Amino acid sequence: MSSYNQWCSELRTFFAPKAVKIYKYPTAENEFGEFFSGPWATSATPLIHCIILINHSVMNTSSKVFDTRKGVAGHNSNKASDDTRSLKQRKQAVKCIWAGQEFLTVSIDEVHEIHNLTAGFYATLEVTKASIVKLLASGMPLYTGPMDLCNVGHLAQIPYFMGKPGDEHDKAHVKALRAARRTMMQEDKNDATAHTVRLLAGGAHTNDDDKPEPEARIHIQTATHNWISNIKRGFRGRVIQWTVNSKMFDGRKINDTLIPHKMVMVPVQLNDTELEINQSVMAQITGSYVSNAAALDDTSKFNMKFYLDGRMKVVFPHHQSPTYPVVKSLDEWDEVRSTKVDMLIKVLAWQLESDDHHIFPIDEDDTMTEADIAVKALTPPPSNQLTEPLPAPRPQSLPPKSNAKYVNMPDLMSMGTHKILVYIEFPMMAPLLISVLQLHNINPLIIHGGHGAEERNKIMLKFHSDPKARILIFSSVGAVGLNLTAASIVVLFDQCGRACW
């Protein structure tokens with residue numbers, strides 16, 4: 001599980017005091033065998049009231065006892081996908097958590113992390129086999145392909161997916177899908193890829209988009225649809241879906257219990273230089289993929305190229321990935337200035353300056369290109385505005401809209417109480433981003449996947465308890481399992497590029 005401390009807190013909140021006893025299973029391999037002979041063995045608490053918390057890493061460590069090689073080499077010939085793999089460390093196998101045990105319920109959180117037939121999968125499978133009730137939970141889509149859902153069915157021990165009959169279902173669908181893909185001509189692939197590239201690059205609709213889909217693509221879609229339909233039938237009656245429309249025990253929807261929220265889309269209009277740089281990068285990406293027939297079928301490589309090279313240039317157009325050196329002065333920042341980062345500074349400064357600031361006000365100039373601004377400057381106002389008196393100028397100490405580029409506010413972090421989360425997709429950019437924010441009197445905390453559990457806990461404690469620690473920058477990996485409810489404002493600086501989101 002992602003966070004032992006959080007799970008302990010959640011369980012103690014849910015159950016009445018002293019109703020259950022919570023044990024933490026060790027993560028060190030040499031301590032596995034001692035768990036059931038220690039405090040567990042001497043406890044007077046009925047077993048039905050005992051809960052064992054196990055980290056995902058324990059499954060990976062325990063999986064070393066298996067030989068997962070296929071066929072004769074791994075002594076796994078003629079085995080179904082959900083059969084126990086052969087053992088290569090028998091002495092250590094008897095010390096694994098599932099050895100000789102029977103559990104009432106196993107609950108696997110973040111099950112989407114265990115969707116491939118790896119050694120960790122087979123260790124987790126042994127735990128589900130030793131349990132009467134299997135609860136597999138995930139807050140994200142479970143798969144990038146139909147086979148991943150089938151593997152989750154194996155873990156849950158659902159009859160449709162089990163044994164050799166289940167494997168035969170999968171093989172038949174894989175065979176049909178491969179056959180459909182073989183009928184797709186290279187010209188069809190080129191058209192499909194060019195269409196996808198135009199959409200990702202923000203291209204306009206063209207007449208080519210109105211062409212009927214190639215017959216081969218229809219065959220692929222049909223084969224995939226048939227497979228997914230059978231998977232749905234296999235899971236029927238075994239899935240509990242919790243959505244914003246789901247009702248709680250008192251009949252209210254989950255959203256009815258949350259504080260009302262407002263979503264604001266803040267436009268970022270790149271300047272002419274930034275547009276030129278980004279258009280050049282996108283031309284290189286789209287050109288290389290449309291001309292390279294071998295790459296057209298490799299969606300993962302195209303996505304990585306687009307999301308890394310293309311999207312990073314929007315944030316820091318004057319830098320070359322993966323080098324993002326920090327800036328030490330505003331003059332240095334002026335040389336590599338980013339419109340998107342400047343907009344982030346404006347938003348953060350506005351929210352930090354006062355708790356009375358609500359919706360970030362979007363100026364018309366924020367949405368205009370440099371050419372639009374030039375035209376506006378040369379265009380006289382409407383005649384009905386010429387006779388109206390000009391509004392009285394505001395005092396310089398109270399600008400109509402905070403702009404951290406021009407307004408120096410040394411006490412910005414202590415001018416209000418609201419706490420803010422800033423999501424970033426690319427942690428490699430964080431040092432540069434933080435250095436720019438600090439030049440504008442914005443001092444954020446940051447948490448990412450490189451932080452260990454102890455360090456993460458210290459950062460979270462500071463964010464929750466320090467009134468001046470008002471901004472936390474986080475990535476999707478770094479925030480897994482964290483309680484971030486101290487914040488009342490969330491800024492999505494990047495859109496997550498993961499397929500599962």
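At what angle do helix α6 and helix α9 pack, and how far apart are their axes? Select residues 146-156 for α6 and residues 215-235 for α9: the angle is about 20°, and the axes are 10 Å apart. That makes α6 roughly parallel to α9. The contact of α6 with α9 has 9 nonpolar residues, 1 polar and no charged.

Before going on, some ground rules. This is a predicted model, in which local features need pLDDT of at least 70 and side-chain atom pairs count only at pLDDT 80 or more, while totals for chains, interfaces and linings use all residues. Residues are numbered from 1 along each chain as its sequence is written, and side-chain values use heavy atoms, with hydrogens and water left out.

Helices (H or I, at least four residues) and strands (E, at least two) are DSSP runs, numbered from the N terminus. Axes are lines fitted to C-alpha atoms, for helices over the stretch in contact, and angles run from 0 to 180 degrees between N-to-C directions. Angles under 35 degrees count as roughly parallel, over 145 as roughly antiparallel, 65 to 115 as roughly perpendicular and the rest as oblique. Ala, Val, Leu, Ile, Met, Phe, Trp, Tyr, Cys and Pro count as nonpolar, Asp, Glu, Lys and Arg as charged, and the others, Gly among them, as polar.

**Whole chain**

Of its 501 residues, 40% count as buried (buried means under 20% relative accessible area, exposed over 50%, partly exposed in between, with a 1.4 Å probe and protein chains only). Among contacts (heavy atoms within 4.5 Å) between residues at least 6 apart in sequence, 73% join residues at least 24 apart.

**α6 against α9**

Return to the opening pair and show side chains. On the α6 side, select P146, M147, L149, C150, V152 and G153; they meet W227, I228, I231 and F235 in α9. The crossing of α6 past α9 is left-handed (left-handed if the near helix is turned anticlockwise from the far one by less than a right angle, right-handed if clockwise).

Stay on C150, which is buried at a relative accessible area of 1%. Then select C96, also a buried residue, with a relative accessible area of 3%. How many disulfides does the count come to? The count is 0, taking a disulfide as a pair of cysteine sulfur atoms within 2.5 Å.

Next, select residues 119-129, helix α5. Of its 11 residues, 9 are buried, so α5 is largely enclosed by the rest of the structure. Colour the buried ones: G120, F121, Y122, A123, T124, L125, E126, V127 and T128.

Is E126 buried or exposed? E126, found in helix α5, is buried, with a relative accessible area of 11%. Leaving aside residues up to four places away in sequence, E126 touches F66, T84 and W98.

Now hide everything except α5 and α6. Their axes come within 8 Å and cross at roughly 40°. The two helices are therefore oblique to each other. From α5, F121, T124, L125 and T128 make the contact; from α6, N151, H154 and L155 do. These residues divide into 3 nonpolar, 4 polar and no charged.

**α13 against α16**

Move to α13 (residues 339-353) and α16 (residues 430-439), whose axes come within 11 Å and cross at roughly 50°. This pair is therefore oblique, and the crossing is right-handed. Select V341, L344, I345 and L348 in α13, which meet L433, V436 and L437 in α16. The contact of α13 with α16 is made up of 7 nonpolar residues, with no polar and no charged.

**Two exposed residues**

Select R182 in helix α7 (residues 163-182). R182 counts as exposed at 64% relative accessibility. A C-alpha distance from R182 to I220 reads 9.5 Å, with the two 38 residues apart along the chain.

The last stop is D411, in the loop between α15 (383-386) and β7 (420-423). D411 has 52% relative accessibility and counts as exposed. From D411 to K468 the C-alpha distance is 9.7 Å, across 57 residues of sequence.
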